[in-house]
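Open the viewer and get your selection tool ready. We will go from stop to stop.

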Amino acid sequence: MSPGWMREWSSALMLGVSSTGVVTQAAAGNITATSLALLGNGGSYTLNSSGNQIGTLTANTGSLSLTDSSALTLGGVTASGAVAITDNAGISITQATNAGSLSLTSTGTVTQAAAGTITASSLA
């Protein structure tokens with residue numbers, strides 16, 4: 001995957017991406033999806049467009065950095081490395097999140113359901 005290959009994904013009900021390499025997002029591209037699944041053993045995702053609008057994120061990969069502008073649900077995230085989520089409308093952790101390190105930043109409320117356990121060597 002070459003850097004910047006994600007250009008514009010609009011109005012997808014469910015979007016799945018699988019890569020064991022580096023996946024980046026072009027500055028001008030936005031992801032709009034009810035559900036986004038990021039997969040790939042050892043993959044590295046950097047999806048930091050401020051216009052992203054993702055309903056539910058699931059992942060099983062190496063590392064992940066995501067910026068989102070709508071209410072985001074973490075529906076099961078596993079990463080061997082760092083996970084950094086920045087959201088402007090709130091984050092709801094409904095399923096287990098396992099990461100080497102986890103950083104959650106939101107201007108909205110961050111909530112955690114009973115099934116939304118967090119396992120990480122560091123939490124910020």
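This tour visits a predicted model.

**Stop one: Asn41.** Select Asn41. You are in strand E3, which covers residues 31–47. Is Asn41 buried or exposed? Its relative accessible area is 73%, and exposed means over 50%, so Asn41 is exposed. Asn41 and Val23 lie 18 residues apart in sequence. In space, their C-alpha atoms are 13 Å apart.

**Stop two: the largest nonpolar core.** Select Leu38, Leu57, Leu64 and Ile85. This core has 25 residues, and these four touch the most other members. At least two residues come from each of E1 (9–18), E3, E4 (53–68), E5 (72–79), E6 (82–87), E7 (91–93) and E9 (101–106). Which strand supplies the largest share? The answer is E3, with six residues.

**Stop three: Leu57.** Keep Leu57 and show its surroundings. Set aside the neighbours within four places in sequence. Leu57 is then in contact with Leu36, Leu38, Leu64, Leu66 and Leu72, among others. The list also includes Thr73, Leu74, Gly75, Gly76, Val77 and Ile85.

**Stop four: Thr97.** Select Thr97 in strand E8, residues 97–99. Is Thr97 buried or exposed? Its relative accessibility is 2%, and buried means under 20%, so Thr97 counts as buried. What is in contact with Thr97, beyond its neighbours within four places in sequence? Select Leu74, Val77, Leu102, Thr117, Ile118 and Thr119 to display these contacts.

Notes: Residues are numbered from 1 along each chain as its sequence is written. This is a predicted model: local features need pLDDT of at least 70, side-chain atom pairs count only at pLDDT 80 or more; totals for chains, interfaces and linings use all residues. Side-chain values use heavy atoms; hydrogens and water are left out. Helices (H or I, at least four residues) and strands (E, at least two) are DSSP runs, numbered from the N terminus. Buried means under 20% relative accessible area, exposed over 50%, partly exposed in between (1.4 Å probe, protein chains only). A nonpolar core is a set of buried Ala, Val, Leu, Ile, Met, Phe, Trp, Tyr and Cys residues joined through side-chain atoms within 4.5 Å. Contact means heavy atoms within 4.5 Å.
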